[in-house]
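Grab a pencil and open the viewer. Below are a few exercises, each with a solution worked step by step.

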Amino acid sequence: MNAAEELISLARRGRFEAVLPELLEMARRVDGPRDEGWESVAAAVQILCWRDRFAEAAELAEQLIVRDGPLGGELCDQDVPFREAVLAAQLYAGRPAGPRLAGLVGRLPAGRNLTEDLAWVAEELPGRPVEELLPCHCEWGGPARPLDGATERMLAKGFAELAVAERQLLWQDLFSANAFDRAHALVESTGETPDRFAACLWMAGWYAVRGETARGERLLLAAHGRWWPYMKWDAIPEAPVLQPTLRLVLTERVREYYLTRPIGPEAEQNA
C-alpha cells in the first residue's frame, strides 16, 4: 500500500474532509511517485464532488492528464473518475466538456483505455444528455418490462421463504426489468431493501421522480452499506452527487452520513 492508498483508506474510515487537504497536496506534487499522484487525484476528485466543488475537481483531473498523460503508465489504464469530473463540471459549473475532452484526448497515447474512453465520451456528448454518461443512470419514470416466470414464482412464494441466493436474484430481476412498483411493494411489505448498491440507487431515483424524498433518502442511506471500492484509489461513490435525479433526494443527512461514516472495507473492519 503506497502513501496515497494509506490516505484513501483513512478517508474511507469516515475522515474524508480531514484527509482531503493531504490528498490535494499529494496530487499537486510534481516530484512525487506517479502512481501516488494519479491515485490521490482520483480520490480527491470524488471527495470534491461530494462538496459540490465540481469546477475544481475537473481542473485537478485536467492538470493531471496534461502533466502525466503523455508519459503513459498506469494513469492511461484508467477511465473513472476522470470522465465524471469533466462531465460534472459542465452540468453543475457551466464548464463545457467538449473542448476540454478534445484537448485531453490529444495529449494521451493512442490506443490506451483513458484515451479511448474520453474520445468515446466526446463523440457521444453532443447527442446525449450528460446524465446518461454519468454512473448509475437508470430509466427513472420509464416503463417496466415484463417479469419472467421464475421471477413471478419467487414473488408468489414470498420473500421470507426465499433462500439468500433467490432473494439476490429477485432484486436483480426487478432492477433489470425497471419494475419499480413491484420492488416498492416488496420494500413496504418486508422492510427490506435491495442488496446491491446500484439497485438501491435505482429505487432512490424512482422515489425522487415521484417526489417521495424521505423514501429516497432511506434508499441512499441503504446504498452506503452496499458499496465496495472499484480499485484501491476508490474513496467514495460519486453517483449520488452526480446524477441530477438522485440529487433530488440527496438530503443534508445523506451527505453528512456519507462523508462521516466508514464505508467499504473500512466499515467492515469496524463492524
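**Exercise 1.** At what angle do the axes of helix H10 and helix H11 cross?

*Solution.* Before we start: this is a predicted model, where local features need pLDDT of at least 70 and side-chain atom pairs count only at pLDDT 80 or more, while totals for chains, interfaces and linings use all residues. Residues are numbered from 1 along each chain as its sequence is written, and side-chain values use heavy atoms, with hydrogens and water left out.

Step 1: find H10 at residues 180-190 and H11 at residues 197-209. Helices are DSSP runs (H or I, at least four residues), numbered from the N terminus.

Step 2: axes are lines fitted to C-alpha atoms over the stretch in contact, and angles run from 0 to 180 degrees between N-to-C directions. Here the axes cross at roughly 100° and come within 11 Å.

Step 3: that makes H10 roughly perpendicular to H11 (the label covers 65 to 115 degrees; under 35 is roughly parallel, over 145 roughly antiparallel, and the rest oblique).

Step 4: look at who touches whom, with contact meaning heavy atoms within 4.5 Å. Phe180, Ala183, His184 and Val187 of H10 meet Trp202, Met203, Trp206 and Tyr207 of H11.

**Exercise 2.** Work out how H12 and H15 are arranged.

*Solution.* Step 1: H12 spans residues 213-224 and H15 spans residues 252-260; they pack at about 5°, with axes 10 Å apart.

Step 2: so H12 is roughly parallel to H15.

Step 3: Glu217, Leu220, Leu221, Ala223 and His224 on H12 meet Arg253, Val254, Tyr257 and Tyr258 on H15.

**Exercise 3.** Describe how the rings of Trp50 and Tyr258 sit together.

*Solution.* Step 1: rings of Phe, Tyr and Trp (its six-membered ring) pair if their centres lie within 6.5 Å; planes under 30 degrees apart count as stacked, over 60 as edge-to-face, the rest as tilted.

Step 2: these two have centres 4.8 Å apart and planes at 20°, so the pair is stacked.

Step 3: trace the chain. Trp50 is in helix H3 (residues 34-50) and Tyr258 in H15, 208 residues apart, so to speak linking distant parts of the chain.

Step 4: count the aromatic pairs in the structure, and you get eight.

**Exercise 4.** Which backbone details turn up at Pro81 and Asp52?

*Solution.* Step 1: the peptide bond from Val80 to Pro81 is cis, with omega near 0°. Pro81 lies in the loop between H4 (54-68) and H5 (82-93).

Step 2: Asp52 isn't a glycine, yet has a positive phi of about 60°. Look for Asp52 in the loop between H3 and H4.

How values were computed. Helices (H or I, at least four residues) and strands (E, at least two) are DSSP runs, numbered from the N terminus.
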